[in-house]
Amino acid sequence: MTIDQTVSWIAWSLLLTAVVLGWVAGWRVWRAGRLRYYLLRREQVASGWRLLLVAAAVGLGAAVVFSLGRRAAYAVFPPTPSVTPTSTRTQTPTITLTPTITVTPSISATPSLTSTPTSSPTPQLPERLLLVFQDTVTPRPEAVLSPILVAQRLTAFNIPVRPAEVFDNPLGRLYGAFSYDHLDNGVRWTALWYLDGEAVCFETKPWDGGTGGYGYTECLPEGGWAEGVYEIQIFIGTTWQVSTRFEIRGAPPTATTTATAGTPAAP
């Protein structure tokens, strides 16, 4: 549940409580008029008015939550958007051999190999995914995501518990958590999980988490987590927003079967 949804749920609950209390208070005042004894009638009327005051206070609280609840929640759990996302993928320099023997000046060394970058500085969506982008909702230019934090568990508000950059097998499902702001429902977002350039998990769907709060992407590859360095890339629309890398150490556990001797069943 996002922060927007939680604030809205609290506000509507308070408003419904105020309506119910107001109805009960009115019923008590009306019922007091039918009592024969003055003391009982006065006590019932006083009880109804007290309950009506409580209903008014609860209704006022609902109005405050409607108007200020979202800002108060973000003051306690402030999103940390990254306005200018930068790629976390770095080029690995090639090893240059340094000769230990001085070459005769008349001979000039000509390199036979030229280093060619194997990846573009800015991640791009795979072409096969571009075919599903038929949505009509255009992302706002100010839509932003915070850096991704990888963890094995999340809180009820999608906040990662003990995020890390290195994990040891055996592992279950992993979560890439982030905060976001200025997103509109219906905007398509895509999350890709890579190992050595091969996608092991991906999800792409219209956004439904509200304009601001905390979200996540999750992954559990078939066969478990192979050892290596993984990368998560998140796109809003067709534009790359943020990436992160993490490492898995150790081979995944393998399923073993144990044969047991016994008497064969009768046909």
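Reader: Let's start in E11: which residue there stands opposite Phe 235?

Author: Trp 240 in E11 stands opposite Phe 235. Before we go on, this is a predicted model: local features need pLDDT of at least 70 and side-chain atom pairs count only at pLDDT 80 or more, while totals for chains, interfaces and linings use all residues. Residues are numbered from 1 along each chain as its sequence is written, and side-chain values use heavy atoms, with hydrogens and water left out.

Reader: What makes E10 and E11 a pair?

Author: Two strands pair if DSSP finds at least two bridges between them. E10 and E11 have nine, and they run antiparallel, so they pair by that rule. The two also form a hairpin with two residues between them, and Gly 237 in the turn has a positive phi of about 65 degrees.

Reader: What else is joined to E10?

Author: E7 is, through seven antiparallel bridges. One of them puts Trp 189 across from its partner Ile 236 in E10. E7 (residues 188–195) in turn has eight bridges to E8 (residues 198–206), again antiparallel. There, Ala 191 has Glu 203 in E8 as its partner. E7 and E8 make a hairpin too, with two residues between them, and Asp 196 in the turn has a positive phi of about 55 degrees.

Reader: How do you decide what gets called a strand or a helix?

Author: Both are DSSP runs numbered from the N terminus: helices are H or I runs of at least four residues, strands are E runs of at least two. The chain has three helices and 11 strands, in the order α-α-α-β-β-β-β-β-β-β-β-β-β-β.

Reader: How do you know that the span of helix H1 agrees with what it should be?

Author: The expected span is 1.5 Å times one less than the number of residues. H1 (residues 3–32) has 30 residues, so it should span 44 Å, and its end C-alpha atoms are 44 Å apart, which agrees.

Reader: Why is Asn 158 called buried?

Author: Buried means under 20% relative accessible area, exposed means over 50%, and partly exposed is in between (1.4 Å probe, protein chains only). Asn 158 comes in at 12%, so it is buried. It sits in the loop between strand E3 (153–154) and strand E4 (160–161). A polar atom of the Asn 158 side chain lies 3.0 Å from the backbone oxygen of Tyr 214.

Reader: And what makes Arg 162 count as exposed?

Author: Arg 162 has 67% relative accessibility, so it counts as exposed. Its place is the loop between E4 and E5. Phi of Arg 162 is near 50 degrees, a positive value in a residue other than glycine, and Asn 158 also has a positive phi, near 65 degrees. Most residues other than glycine have a negative phi, and most peptide bonds are trans.

Reader: Which peptide bond is cis?

Author: The one from Asn 169 to Pro 170, with omega near 5 degrees. Pro 170 lies in the loop between strand E5 (166–168) and E6.

Reader: Why is Val 137 called partly exposed?

Author: Val 137 has a relative accessible area of 35%, so it falls in the middle class. You'll find Val 137 in the loop between helix H3 (127–130) and strand E1 (144–145). Contact means heavy atoms within 4.5 Å; leaving aside neighbours within four places in sequence, Val 137 is in contact with Asn 185, Gly 186 and Val 187.

Reader: What makes a set of residues a nonpolar core?

Author: They must be buried Ala, Val, Leu, Ile, Met, Phe, Trp, Tyr or Cys residues, joined through side-chain atoms within 4.5 Å. The largest such core here has 26 residues, and those with the most contacts inside it include Trp 193, Trp 225 and Phe 246. Strands E6 (174–181), E7, E10 (228–236) and E11 (239–249) are the elements that give two or more residues to this core. In soluble globular proteins, nonpolar side chains tend to be buried together. Phe 246 touches, among others, Leu 174, Trp 193 and Trp 225.

Reader: How do you know that E10 is mostly covered?

Author: Eight of the nine residues of E10 are buried. Over the chain of 267 residues, 32% count as buried.

Key
Polar contact = N/O pair within 3.5 Å; in protein donor to acceptor, adjacent residues only side chain to side chain.
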